[in-house]
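The structure comes before the notes.

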Amino acid sequence: MFGKIGAWLALLYIFSYSVHNVELRNIGTVNRENKGPQCGYPSCHPTPPGMLNVHLIAHTHDDVGWLKTVDQYYYGSETLIQKAGVQYIIDSVVQSLLRDPAKRFIYVESAFFFKWWKEQTAELQEKVKMLVNEGRLEFIGGAWSMNDEATTHYQSTIDQFAWGLRLLNDTFGECGRPRVGWQIDPFGHSREMASMFAQMGFDGMFFGRLDYQDKDERLMMQKAEMIWHGSANLGDKSDLFTGALYNNYQAPAGFCFDILCADQPIIDGKHSPDNNVKERVNTFLEYVKTQSRYYRTNNIIITMGGDFTYQAAQVYYKNLDKLIRYANERQANGSNINLLYSTPSCYLKSLHDAGISWPTKSDDFFPYASDPHAYWTGYFTSRPTLKRFERDGNHFLQVCKQLTSLAPKRSAEFDPHLNFMRETMGIMQHHDAVTGTEKQKVALDYAKRLSVALRACSTNMRSTLNQLSSGKNRSTAVPAALEFKTCTLLNISSCALSETNTRFALTLYNPLAHETDEYIRIPVADYKYAVLDPTGKSLPTQVVPVPNAVAKIKYRRSIAQYELIFLAAKLPAVGYRTYYIEKPDIAPDDLKPGPAPKKTSSLTRIGNGNIKLTFDTNGFLSEVTADGMTRQLSQEFLYYEGAIGNNAEFLNRSSGAYIFRPKADKVFFASDRVAIEVYKGPLVQEVHQKFNDWVSQVVRIYKQSNHAEFEWLVGPIPIEDHMGKEVITRFKSDIESDGIFYTDSNGREMLKRQRNHRETWNVKLQERVSGNYYPVTTKIALEDTTARMAILTDRAQGGSSLQDGELELMVHRRLLHDDAFGVGEALNETEFGEGLIARGKHHLFFGQSDRRPGVSLKAMERLLQLQTLLPAWKFFSNMTAYSSDQWLTSFTNTFNGVSVILPKTVHLLTLEPWHENELLVRFEHILEKDEDSRYSKYVQFNIKDVLAAFNIESIRETTLDGNAWLDEHRRMEFVPDPEEESYDAYGTFAKTSGAVHLLEAAKPLLEAKYSKEALKAGELGAESNRLKRNADSGHFILHKRRSQQVRADNVNENVVPKSNDREQFLIELSPMEIRTFVVYLSK
């Protein structure tokens, strides 16, 4: 009897533990009377033990722009381009779910859902809430869009998840909060994305695309589902259970029942001559058995949906009903297969409940190849100007959020303007937006949206700055006395206000929580200007000419011939400083800048006490001097010719928007001689280089800088030879890097890369260049025992080290052929009838790799990385009506938004208005644990001291997204395989044929299709790995942990102490840690 009681208690304990693990998650107030909502894991259909449970996932994948614009996709217009209308999908699905409580559906893209939601009646909204509360409609992912993972910056990714999850939380409460990530279409997957999912409280994540060799290896070794270690610094709180889907995300071949497909329905008329029930069920069950061999448990997941499916949901559901019914009827005759409507979270729960151990992974899933000649590494650079505009958008959003928070009085339009900017930036993170893989007209629509959003948020900023600068009486809103204009064309030295006014004010807003020094460049029409700081002191200035290549841009509508330079020192943290700039009536003529005399037989040098660069007699960089050593260093521009093919077979793949495939892996020099002009002054020394008619560059070193700046201009790329070109910059040093280099993961942690190598399988590369390219969001570096070289970028780019000591970055692409992966047009960007011109910056660090006195090079790189992402934002105002004396006395020209300056290793990642009388704040330690012996340490500060400008009542810590309380937060625990164990799959799943057909990767994806071309035996990397291994008979280890053994990390290691008022607000950060808080303000 006691044995039976013990067994029941054990079952009850396991059940309560599972529920406890997932339910205390939501910030919103939820009515818990009686039974309460039965969403999430409790809403899952039962999975009979001893059966092979097949989790059918009814879903749609709705791109937030791709072949059509966002609105065209939503409203269903332009059907000749693609038959896709999201409003019809949600309409249809909701009605189908309301008719049958057994059905399930998942939805992902919050951008589309909330557009639909706002159009519904209150009555229908209540019905949808009922569906969500019962777990019949479940949100997965939940961000504003399904973001890319190669070209997105972590700050933008966090923001778009925070906003999407907040609206779900505000609308549906805890039942609207996703538990699982769903990254089914991005073209490769970053480790930082896994870490962010884990820190946002997700229990797991599933994705669709991974390298074809990696996939083969993982399926053969039953390692397609794993525990992904998301961080080398944060421990197991960044671990995430991750699964690679068998079929990308579409239905099995022959079983797409959507109106977009041509597969046969299930015909079950008893006397119909077309009755195909037996045939269809047999085929499906054979597919189930095949897939199940490659996964570890008696549960498998099968996606039943695809791109923009379920526009007539009843058609798909009717056939799924029949499939489930007739397949499960066979259980009476001994079948052990059970089909059920399910969701990714219910499938994850079944994997957790299986109680087995799992393999682990610590690197990432880049680069992604879908066949031997299709490496999806071109999109790392595609549409470089859109990539830069997106990065500017993030910069602008952070400034807008901060200034909206700091406004003494907020107008009614503040929230709509800020929300529009948030949502636009959320759209920009989509995996066919910032990636540059959309059609040209869609790219223009993205740019237009972002331009409108910038104008909207500008009104918030202008109002706040006028309130803060209007003098002593700042308690009420005042008219916009000053313009506080943003000049969006400063990257081509164009700003109408600074060019046409003899007096103007420049307000520099610093969004960082520590003081910064920044060299400022302003386009001006003349060389005679004076700059006054807020105390009336005249500052040293320098004027340099606008580079010839920039001045000659045909569509540049500017009269600026010069750039005025001055040092803005000690810009206030989260604050601004305004400078008065005027053209005096009389000024000496010797201020006019002129180039240094040209040298034809000697070297050219520029630099300061920290770093010097030497250029040879041909105008090329040849040496660098830093940290007491002089080393060889060259820099040049080259280009690959894009491969041309008909895409009918792998070997004939063209280079395109997605794919980087150089013709014969050969590289061409842009020039063998460079024309240079040298300008030296008290603030900056510059070398203006002209490589050819479409490639030029300015190399500069500022007086107090510890790095060199390379400002490149590329385009229009010539195509008169009918060849597409992919342009790179290459830095070549004598560093002995031994095939090793490092790239960042979404701007956060650095990952080790090794040429011609993958961490988890023996790769076979037939594309030696593109197969070694990796995404570079902010930095690429290499080093040996004595020297280190790092390059910081101003946008996402593709990069590699194809020879020891070399780093290359692709800066621009212009191609004349499509790569046949769905976009349907060549990546041939034009502006004003000519090829697109792109301009950008690289920052070069060079110095000692180890035993460097003072601050490490890695730490200095991190600080500049942050200042490159979020420099001071420039606001211009006409000062014609004010003399300098009147300006000094009429305005408040300095403002500090924080009362205590944070250490430079701490970044105020977020400061934004949240709910009423609330702020959302995030603090981040920007260093990794081993990057600096002095500064890679714990940091402590008091949040109330830092944000003393706000009347703070209390704070409460949340998950990374800001929508669930951290102290109530639980995540599922998964147990890793023992380190000494190696699982043997050899022989069990031997190939039955001498060739393999790869799953097609071209969009749109509706059902599984396989390439007609076959890979011969031996061409998959996994086959070379299939060595017989010793398998531990105890491989499937039951979970032995109990709730009392769960690490304190998963609850909250850093619960804010409550012993006294000051300790309540004490914050501690470890290296790479981000902590998020809701700050409650006094009403």
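Two strands count as paired if DSSP finds at least two bridges between them. Strands (E, at least two residues) and helices (H or I, at least four) are DSSP runs numbered from the N terminus. The model is predicted: local features need pLDDT of at least 70, side-chain atom pairs count only at pLDDT 80 or more, and totals for chains, interfaces and linings use all residues. Residues are numbered from 1 along each chain as its sequence is written, and side-chain values use heavy atoms, without hydrogens and water.

- An open sheet of mixed pairing is formed by 5 strands in the order 4-5-7-6-11.
- Strand 4 (180-183) and strand 11 (360-361) are at the edges with a single partner strand each, so one side of each has no neighbour in the sheet.
- Strand 4 pairs with strand 5 (residues 204-207) in the parallel sense, over 4 bridges.
- In this pair, V180 is opposite G204 of strand 5.

**Cavity**

- A cavity is a set of points on a 1 Å grid over the protein atoms alone where a 1.4 Å probe fits but cannot get out; lining residues have an atom within 4 Å of a point.
- A volume is the space filled by probe spheres set on the points, which are joined across faces, edges and corners.
- The second largest cavity has a volume of about 100 Å³.
- Helix 17 (residues 857-869) gives the most to its lining, with 4 residues.
- Residues lining the second largest cavity include H153, Y154, R862 and M1072.

How values were computed. 1 Å grid on protein atoms, 1.4 Å probe; cavity = no way out; pocket = protein on both sides within 12 Å on 5 of 7 lines; lining within 4 Å.
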